[in-house]
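This briefing sets out selected local features of the structure shown below, grouped by topic.

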Amino acid sequence: MVYRISMVSRDDLGQLFELPFPVLLHRAASVHHAHFDPTQVQVSTLLSVKTGGCPEDCAYCPQAQRYDTGVSAQKLMDVEAVLVRARAARDAGASRFCMGAAWRSPKDRDIPKVAAMIAGVKALGLETCATLGMLDAGQAGALKDAGLDYYNHNLDTSPDYYDSIIHTRNYQDRLDTLGHVRDAGLKTCCGGIVGMGETRAQRIGLLHALANLPAQPESVPINRLVQVAGTPLHGSTELDPFEFVRMIAVARIVMPRSMLRLSAGRETMSDELQALCFLAGANSIFHGEKLLTTGNPDTAQDEALFARLGLVPMTR
Ligand code: SF4
């Protein structure tokens, strides 16, 4: 299903950010309750099927080969090894399995192997998601034919801050890939990262870009920067946790039907901060010990937090 709501202006977004915190959370929670069961949280697992050695220069990323982060380049995993991990994720309660590869874009010769992974994961009864870099129209179609449900491709940040973060491809490249993904009939997973030194106006710019895409993404990951030594953004000023919650709340209000995902950075969030995010409308998490190459809260910790908050994993 394609969701489209009326254009959201930067002024509208700015006014939402300015609301007193309790008023903003009430507004966001009301929107959340109107569109979702607020006790359910969708749980995804992310596996890096091809780690490191990426030629891009994303300033936050430990997988860029140009930064000395201790991440070594690996080859694309074998299909059976991926399926072993997918089975384990399903048995641990995941309903969606995401496969990530550190590529600028996949080579056409990689597509059959990735397609076999997708088909195998789908056959396990899991929703499938992939994040492989830029796609052309033919590649998007091939992944759809293999059984892919979602394609992740983030806008990362505001158009006017993008040049401070990435130089090896531009904003339009990202929009083009998202267009191919939509045209192929894939669901879109598209969000960004905050805490990269951007201003509030630039966080507003990111939400403005996401909410006004030709179709709002079905899934919106909001990442909090994980600062990795060796990357240019290591040493950035930490974002105020309440500003992060505001980001979630405003995203929920302007993208009412999207799954809003707490992604990277959750490991360093307290239980109380995560609870505030759920209250503000977050309803999806990544589960499992690793998020590509950075840490993630362990499964038992997540289960304990869900139990304390009366939350349950969303079923398909
Ligand atoms: S974020 Fe993706 S494209 Fe950018 S350097 Fe990392 S792996 Fe490469």
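Where is the place of cysteine 61? Cysteine 61 is in the loop between β1 and α3, where helices (H or I, at least four residues) and strands (E, at least two) are DSSP runs numbered from the N terminus. The model is predicted: local features need pLDDT of at least 70, side-chain atom pairs count only at pLDDT 80 or more, and totals for chains, interfaces and linings use all residues. Residues are numbered from 1 along each chain as its sequence is written.

- An unreviewed UniProt entry places the feature "binding site" at Cys54, Cys58 and Cys61; UniProt positions are given in the numbering used here, feature names are shortened, and annotations may be inferred rather than shown by experiment.
- Cysteine 61 is buried, with 26 other C-beta atoms within 10 Å. A residue is buried if 20 or more other C-beta atoms lie within 10 Å of its own, exposed if 12 or fewer, and partly exposed in between, with C-beta atoms placed from the backbone.
- Cysteine 58 also lies in the loop between β1 and α3, and is buried with 21 other C-beta atoms within 10 Å.
- Not counting residues up to four places away in sequence, cysteine 58 touches Ala64, Ile165 and Ile166; two residues are in contact if their C-beta atoms, placed from the backbone, lie within 7 Å.

**A second annotated group**

- UniProt, again in an unreviewed entry, lists Cys98, Cys129, Cys189 and Arg261 for "binding site".
- These residues are spread over 164 residues of sequence, yet they cluster in space, with a largest C-alpha distance of 13.8 Å.
- Cysteine 98 belongs to strand β2 (residues 96-101) and counts as buried, with 28 C-beta neighbours inside 10 Å.
- The contacts of cysteine 98, leaving aside neighbours within four places in sequence, are Ser44, Thr45, Leu46, Cys129, Ala130, Thr131 and Asn152.
- Cysteine 129 lies in strand β3 (residues 127-131) and is buried, with 24 other C-beta atoms within 10 Å.
- With neighbours within four places in sequence left aside, the contacts of cysteine 129 include Cys98 and Cys189; Ser44, Arg96, Asp149, Tyr150 and Asn152 are also among them.

**Helix packing: α3 with α4**

- Helix α3 (residues 79-91) and helix α4 (residues 111-123) have axes that come within 9 Å and cross at roughly 30°. Axes are lines fitted to C-alpha atoms, for helices over the stretch in contact, and angles run from 0 to 180 degrees between N-to-C directions.
- The two helices, α3 and α4, are therefore roughly parallel to each other; angles under 35 degrees count as roughly parallel, over 145 as roughly antiparallel, 65 to 115 as roughly perpendicular and the rest as oblique.
- The crossing of α3 and α4 is right-handed. A crossing is left-handed if the near helix is turned anticlockwise from the far one by less than a right angle, and right-handed if clockwise.
- Val79, Val82, Leu83 and Ala86 of α3 make the contact with Lys113, Ala116, Met117, Gly120 and Val121 of α4.
- By class, the residues of the contact of α3 with α4 are 7 nonpolar, 1 polar and 1 charged; Ala, Val, Leu, Ile, Met, Phe, Trp, Tyr, Cys and Pro count as nonpolar, Asp, Glu, Lys and Arg as charged, and the others, Gly among them, as polar.

**Helix packing: α2 with α8**

- Helix α2 (residues 21-35) packs with α8 at an angle of about 40°, their axes being 8 Å apart.
- The helices α2 and α8 are therefore oblique to each other, and their crossing is left-handed.
- On α2, the contact involves Phe21, Leu24, Leu25, Arg27, Ala28, Val31 and His32, which meet Phe242, Arg246, Ala249, Arg252 and Ile253 in α8.
- The residues of the contact of α2 with α8 comprise 8 nonpolar, 1 polar and 3 charged.

- Leu276, Cys277 and Phe278 are buried in helix α9 (residues 271-279).
- The cover over the buried residues of α9 includes β1 (40-50), α8 (241-254), β8 (259-262) and α10 (299-309).
- Glycine 281, which follows α9, has a positive phi near 120°.

**Individual residues**

- Aspartate 156 is not a glycine, although its phi is positive at about 75°.
- Aspartate 156 lies in the loop between β4 (150-152) and α6 (171-183) and is buried, with 22 other C-beta atoms within 10 Å.
- Valine 8, in the segment before α1 (10-18), counts as buried with 20 C-beta neighbours inside 10 Å.
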